[in-house]
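Please read it alongside the sequence and the coordinates.

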Amino acid sequence: MIQIERLTYYYPHQEEPALKELTFTVQQGESVGIIGLNGAGKSTLCYAIMGLVPHFYHGTISGDLWVNGINVPDASLGEVSQHVGLVFQNPLHQLSGSKATVKDEIAFGLENLGMPREKMLERIEWVSELLGIASLLHRNPFSLSGGQMQRVAIASVLAMKPQVIVMDEPTSQLDPAGTAEVFAAIEALRKEGITTVIVEHKIEWLAEHCNRIAILADGELKAIDLPGKVFAQPDLHEWGVEPPVYTRVYQKIAAENHSSGVPTTLKDTVERLKAYEQNNQG
Amino acid sequence: MSKTIKVDEVWFSYSPGQPVLRGVTITFTPGVTAIIGENGAGKTTLMKLLNGLLTPSKGSVLVGELDTREHLTSQLAKYVGIVFQNPDDQIFKSKVIDEVMFGPLNIGMSLEEAHRRAKAAMAELQITGIEEENPYDLSYPVRKRIAIASILAMNTEVVIFDEPTIGQDIAGVRLLGKIVTKLGAEGKTVISIVHDMNFAGQFFQRIISMAEGQVVADGKPEEVFRDWGGLKRAHVSPPSLVQLADALELKQTPLTEEQFIKYYCQERLPKRNR
């Protein structure tokens, strides 16, 4: 569980805060997608949940950020990292660079936790099945394509089974099949009760796989709600975001009052359009 | 003269006995072409063959009349500009303006022209004002735009992008779509590796689908994105609007929102039609 209250943060030597008075809660096992323009504060928020803000980036922080009862700005990075795993945008920033095989790379974090060999092998098997990298275990991580490498980076974090996983554009380097695998993994994590916070530009995927969507603009939280509610908001364009393409065409075809929510996924849109046809064919 | 690239029966292997490309034949002509397919299908390798960074193990690549086996990449760079997937593989100057002027100067433009073209390209990418900054002090999406500007500034007849939309927000994706369309309208040959099928469907006139080192489909987006067998082989799903059209059993294939609304109203709401 993540509880954030009036969180404000300035990077060193900056006059404008990167995060302004953020307040929201993410329940354990919930999956929240974060959207907004580049520069809106999405990555900074990820770093704050992980504790890299302020412990690594320094700067000035005020307000509270609790993860599983730990106040992150007051705790050490070591303490926070036992509860939160961060998946970076670029897998090259994640992989240790010192391991010759994918299997050793995934094992690296587990070894550091002092996990017994048997259990380690179990974890590696579980995570590699989940992310579709079982056939890559004996490959060199740096011989992989960008997408494969990112799946290995995610696997190395998932293997440690943190309570909270923060992902900063985890699929930006991935092909469509790889993107689907990552979102399938996010579903699996949710079923296991792991909290996920995902920054992504691929809104169609977020709408389908997240419980709630948060919108950041200029460091402020503009909205956080169910996808069908968030994407029905009239101010989206001002915040530099837009609804999924399904929602956009639905709104244009069935121009009606959408305050009760709009369809945001393929399945819902098909159902709502069919219902609309029935009401308008008579 | 060098707007056409002919890839003829090209095979390529990084290590013996493991071909990454297996008999690829494509003629790239003016207009905008997207190459789609899963990671590892050979798309980036193909791209590197188009300006001689790699040369075929078998078969040939002709840039206009120039055989890439007989010409240096530095000679071909005048005709073919490539924007790599990762801007950090490309950027090495400590000032943005020097970075964007590097390519133009390298292919023999005068200092004045290089500067003019660099400024114009930066304006097009909406990154004016950062000329004196160090690229590595800037964010990834901005570095990506710098890398694109540095290639556009060279004004080559062929422009190749490897996943230009990575890390770009909605505004950035729209801008890149506009740039790709404009280059195509100017008569340039634009080739882009694309993983975002919504982007591919909306902005590209020709789609080439690759799987396991071979071309599995080559045609208009309306055809390629409705060929489920071919898409399955390439492990890609069609654009969202095509999926929606399929689920609603529309006969026409919409690639833009306007097309979807038009086709949907024609086929499913005939009485509402004016």
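## Overall build of chain B

Chain B holds eleven helices and ten strands, where helices (H or I, at least four residues) and strands (E, at least two) are DSSP runs numbered from the N terminus. This is a predicted model, in which local features need pLDDT of at least 70 and side-chain atom pairs count only at pLDDT 80 or more, while totals for chains, interfaces and linings use all residues. Residues are numbered from 1 along each chain as its sequence is written, chains are lettered from A and ligands numbered from 1 in the order in which they are written, and side-chain values use heavy atoms, with hydrogens and water left out.

The C-alpha trace of chain B spans about 65 × 50 × 35 Å along its principal axes. Of the 274 residues of chain B, 57% count as buried (buried means under 20% relative accessible area, exposed over 50%, partly exposed in between, with a 1.4 Å probe and protein chains only). Among contacts (heavy atoms within 4.5 Å) in chain B between residues at least 6 apart in sequence, 60% join residues at least 24 apart.

Helix α10 (residues 245–253) of chain A and helix α11 (residues 257–268) of chain B have axes that come within 10 Å and cross at roughly 50°. That angle makes α10(A) oblique to α11(B), since angles under 35 degrees count as roughly parallel, over 145 as roughly antiparallel, 65 to 115 as roughly perpendicular and the rest as oblique. On the α10(A) side the contact is made by V245(A), R248(A), V249(A), K252(A) and I253(A), and on the α11(B) side by E257(B), F260(B), I261(B) and Y264(B).

## Backbone details

In chain A, the peptide bond from V53(A) to P54(A) is cis, with omega near 5°, and P54(A) lies in helix α2 (residues 52–55).

In chain B, E9(B) has a positive phi of about 45° although it is not a glycine; E9(B) sits in strand β1 (residues 5–13) and is partly exposed, with a relative accessible area of 45%. E249(B), also not a glycine, has a positive phi near 55°; E249(B) is found in the loop between α10 (240–247) and α11 of chain B, and at 65% relative accessibility it counts as exposed.

Key
Axes fitted to C-alpha atoms, helices over the stretch in contact; angles between N-to-C directions.
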